[in-house]
Amino acid sequence: MRRRRAAVAAGFCASFLLGSVLNVLFAPGSEPPRPGQSPGPSPAPGPGRRGGRGELARQIRARYEEVQRYSRGGPGPGAGRPERRRLMDLAPGGPGLQRPRPPRARPLPDGAPGWPPAPGPGSPGPGPRLGCAALRNVSGAQYLGSGYTKAVYRVRLPGGAAVALKAVDFSGHDLGSCVREFGARRGCYRLAAHKLLKEMVLLERLRHPNVLQLYGYCYQDSEDIPDTLTTITELGAPVEMIQLLQTSWEDRFRICLSLGRLLHHLAHSPLGSVTLLDFRPRQFVLVDGELKVTDLDDARVEETPCTGNADCILEFPARNFTLPCSAQGWCEAMNEKRNLYNAYRFFFTYLLPHSAPPSLRPLLDSIVNATGELAWGADETLAQLEKVLHLYRSGQYLQNSTAGSQAEYQRLPDSTIPQEDYRCWPSYHHGGCLLSVFSLAEAVDICENHAQCQAFVVTNQTTWTGRQLVFFKTGWSHVVPDPSKTAYVRASG
């Protein structure tokens, strides 16, 4: 299996190198189309089992127009009724990861559009900086996984930076089911690739610290399918909930705060209120401790049209909500509310309350309960999360919890205790008890409340909130010099 993965990764790198060279020498038309380029006719597909080339062309046209709509700035008042689909809220688990394999192309159907313009200088913020040239000498290619539509790789650029590459998965669910229906691999590739293009446009339009950064893109010929698309993005680590439950409350709160800030941004984005139809943890990554959304091909901007409240039922596996239908004929805040309830059921309920400082738990419980009942919107949810951050970062949560200790501790500057560790939970260090503290008084209070603790070592390391990291120890029989630390040992007597 490892050899197979290595072979696939090596082949992927080689295909990029060869494709880039071919682009430079023989394929000047593989650069992104200029804005305003109109779609042209394409060769007819081979015979499909059902549907026919007209239906495939219609689906490609619909996705093309969706991407164009987002490129121009949102759905607008003339947007039609969104396609009815079973949301990921109700869908069973998807298929397992599948290894990509090289395509065998067939002609594109008649009437299918070409590529719409990729995001560039006309989009908000600077345009993508990396293109096909950046992929000519990548190294360390590693297959990370795939879903319904895309395969994701990790590569290292010539300058040493590690990035993620996304491309259509030729053995994925979307492409495979389309080929079985229409028998036109090239047209089906284009249909699937428009989801990747949609995601690229949304990454550019929804720029935010909690949205994955788009670094660039590349159109290049691959096998006998022209203009295959690869996006180049920021690299993140997958969200593993089991591992997160074992981390410190401070780090788990950071993830929930990141999510609150993201949902506030999506509720007030330049495109309108954006909902994530697929909200599972696998659609997010962690970058330096910050949660970022990475998968946007199932995002939707259009609010749900309605003629009455009965049309505004928000369905989830455990319960349903009925939202009001506005006088303008739209379900009020349905996109925003769907995001909030998904944040509650996938993140807040697991990560917010457990092992939190006791004085913060009532406020944290109110956040969990309000989002679980959809009593708050994104604005109030974020305001309450920011309040928790202020109380925690300023030390105000300690006002009634750190009564003066009767014990005295001797200060040993420029010293540390390398051994005599014990384990506590949650800890920043699996082999010892490493916690963050706001002040020396809090460190003393923690040591007094741990039966094993007889000493502690204050380091010069801080967490994302500026709190100092402190090792708690069972004794101080072996003290050694260390200019970056200060030891405190319990005074005898």
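Start with lysine 195, which is buried at a relative accessible area of 13%. Keep in mind that this is a predicted model. What does lysine 195 form a salt bridge with? Its partner is aspartate 174, and the closest N and O atoms are 3.2 Å apart. Aspartate 174 has 17% relative accessibility. The cut-off for buried is under 20%, so aspartate 174 counts as buried too. Now the positions. Lysine 195 sits in helix α4, and aspartate 174 in helix α3, residues 173-182. The two are 21 residues apart, and the pair links distant parts of the chain.

Helix α4 comes up again. Glutamate 199 is in this helix, which covers residues 185-205. Glutamate 199 forms a salt bridge with lysine 166, with 3.0 Å between the closest N and O atoms. Lysine 166 is in strand β3, residues 162-168, and 33 residues separate the pair.

Next pair: glutamate 250 and arginine 467. Their side chains meet in a salt bridge, 3.6 Å from N to O. Glutamate 250 is in helix α6, while arginine 467 is in the loop between β15 and β16. So this pair ties together parts that lie 217 residues apart in sequence. Both residues are buried.

Salt bridges with shared partners join Lys150, Lys166, Glu199, Asp295 and Asp297. Across the whole structure, the search finds 20 salt bridges.

On to helix packing. Take α6, residues 249-267, and α7, residues 334-351. Their axes come within 11 Å and cross at roughly 180°. The two helices are therefore roughly antiparallel to each other. Which residues make the contact? On the α6 side they include Trp249, Ile255, Leu259 and Leu263. On the α7 side, Leu340, Phe347 and Phe348 are among them. By class, the contact has twelve nonpolar residues, one polar and two charged.

Last stop: helix α10, residues 440-449. Glu442, Ala443, Val444, Ile446 and Cys447 are buried there. What do the buried residues of α10 pack against? The answer is strands: β13, β14, β15, β16 and β17. β13 covers 409-416, and β17 covers 480-490.

That's my tour. Over to you.

Notes: Residues numbered from 1 in each chain as written. Predicted model: local features only at pLDDT ≥ 70, side-chain atom pairs only at ≥ 80, totals over all residues. Heavy atoms only, no water. Buried < 20%, exposed > 50% of the residue type's maximum accessible area, 1.4 Å probe, protein only. Helix = DSSP H or I, 4+ residues; strand = E, 2+ residues; numbered from the N terminus. Contact = heavy atoms within 4.5 Å. Axes fitted to C-alpha atoms, helices over the stretch in contact; angles between N-to-C directions. Parallel < 35°, antiparallel > 145°, perpendicular 65-115°, else oblique. Nonpolar A, V, L, I, M, F, W, Y, C, P; charged D, E, K, R; others polar. Salt bridge = Lys/Arg side-chain N within 4 Å of Asp/Glu carboxyl O.
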